[in-house]
Amino acid sequence: MAMYHLRVKYLKRGEGRSAVAAAAYRSGTRLVDERGGAVHDYTRKQNVEHAEIMLPEGAPVALSDRGVLWNAIENGIKHPRAQPAMECEAALPREMTKEQCVALVRAFARDMWVKRGVPVDIAIHRTVAADGGEHPHVHFLIGTRRFEPDGSLGKAARDMQDSPMLVQKVYALEKEGKLDEALMLEKDLNLGAWRAGWADYSNRFLADAGSGSRIDHRTLKAQAIAREPMPNLGLGYSRLRSLTGAMVERVKDFHARAFRNSLRTQMQAVEHKRPQLMAEFVALAREYGQKLFPELGNTPEKGIAHDR
């Protein structure tokens with residue numbers, strides 16, 4: 001079953017992050033950071049299924065080289081606490097082929113960011129999910145600056161950047177279960193449009209692929225689905241050799257919720273096939289309950305006070 005996940009993160013220079021290093025890691029390549037001279041070699045990284053640079057119209061062809069692109073952005077930004085890039089991470093439907101996933105990712109990146117003037121470095125990974133199946137997902141590494149026709153770095157694309165503090169507040173509210181508040185805050189951010197857009201694009205590509213699966217960016221409550229939300233174990237869960245600390249409780253919670261959701265699904269299937277089953281069960285429970293526990297039939301009389 002296709003699952004929905006989309007999360008935005010910000011790459012902050014003030015936290016010691018580098019767009020060159022991030023690009024090398026996600027694409028599984030070797031890049032040299034010209035600002036500090038560090039070499040980031042991730043050519044041995046596995047599970048990188050596809051990687052490519054998408055440039056806006058009119059951008060210099062030289063920027064299609066990953067090292068040239070991200071070094072141009074890093075070298076062109078002087079502020080010590082700047083944000084040279086942001087990342088959008090999204091789950092890809094298992095029901096789609098590798099080629100269909102690439103087509104979906106290209107279409108989404110083009111319409112959300114590239115058409116609006118910023119470069120996007122896409123990397124598709126296919127790892128192992130918590131349930132043992134495939135976990136295809138994409139990393140969109142998005143430049144926060146537009147380029148001038150002559151190849152020089154332009155001003156920050158502030159119209160496409162949400163406040164990191166507001167985005168983190170949305171995530172915090174969701175974690176606390178305050179979903180309505182999170183939704184109200186999100187709808188005025190780019191995050192809200194990207195989340196809704198990913199569901200729309202994914203569903204169109206699923207339909208084109210002949211799949212009946214669909215995803216929905218809304219909460220389960222908003223969809224009127226009686227199922228508990230599943231906690232995110234993180235992309236690195238499948239690589240853990242042993243569980244320690246908070247991860248032990250997260251995994252226990254994951255399996256407990258999965259078990260309860262499975263029971264709900266089975267019960268719903270039974271109710272659908274035999275709607276009268278619940279009524280029969282209640283009638284039998286009343287009949288045999290009174291035989292086994294006669295005291296259940298002694299209901300309090302009206303007007304008489306009883307201990308509580």
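Predicted model: local features only at pLDDT ≥ 70, side-chain atom pairs only at ≥ 80, totals over all residues.
Residues are numbered from 1 along each chain as its sequence is written, and side-chain values use heavy atoms, with hydrogens and water left out.

The protein chain has eight helices and nine strands, where helices (H or I, at least four residues) and strands (E, at least two) are DSSP runs numbered from the N terminus. Of its 308 residues, 38% are buried, a word that here means under 20% relative accessible area, with exposed meaning over 50% and partly exposed lying in between (1.4 Å probe, protein chains only). Among contacts (heavy atoms within 4.5 Å) between residues at least 6 apart in sequence, 63% join residues at least 24 apart.

Five of the strands form an open sheet in the order 1-5-7-6-4, with antiparallel pairing; two strands are said to pair if DSSP finds at least two bridges between them. Strand 1 (6-11) and strand 4 stand at the edges with a single partner strand each, so one side of each has no neighbour in the sheet. Within this sheet, strand 5 (residues 85-91) and strand 7 pair in the antiparallel sense over seven bridges, and Ala91 has His137 in strand 7 as its bridge partner.

Helix 3 (residues 98-112) has 15 residues and reaches 21 Å from its first C-alpha to its last, close to the 21 Å expected at 1.5 Å a residue, the expected span being 1.5 Å times one less than the number of residues. Its buried residues are Cys101, Val102, Leu104, Val105, Ala107, Phe108, Ala109 and Met112. The cover over these buried residues of helix 3 includes strand 4 (48-54), strand 6 (120-128), strand 7 (134-143) and helix 6 (190-208).

Strand 6 also holds Asp121, which counts as buried because its relative accessibility is 4%. The side chain of Asp121 makes a polar contact with the side chain of Trp70 (3.1 Å); such a contact is a pair of N or O atoms within 3.5 Å, of which, within protein, one must be able to donate a hydrogen and the other to accept it, and residues adjacent in sequence count only if both atoms are side-chain atoms. Leaving aside neighbours within four places in sequence, the residues in contact with Asp121 include Ala23, Glu52, Arg66 and His139.
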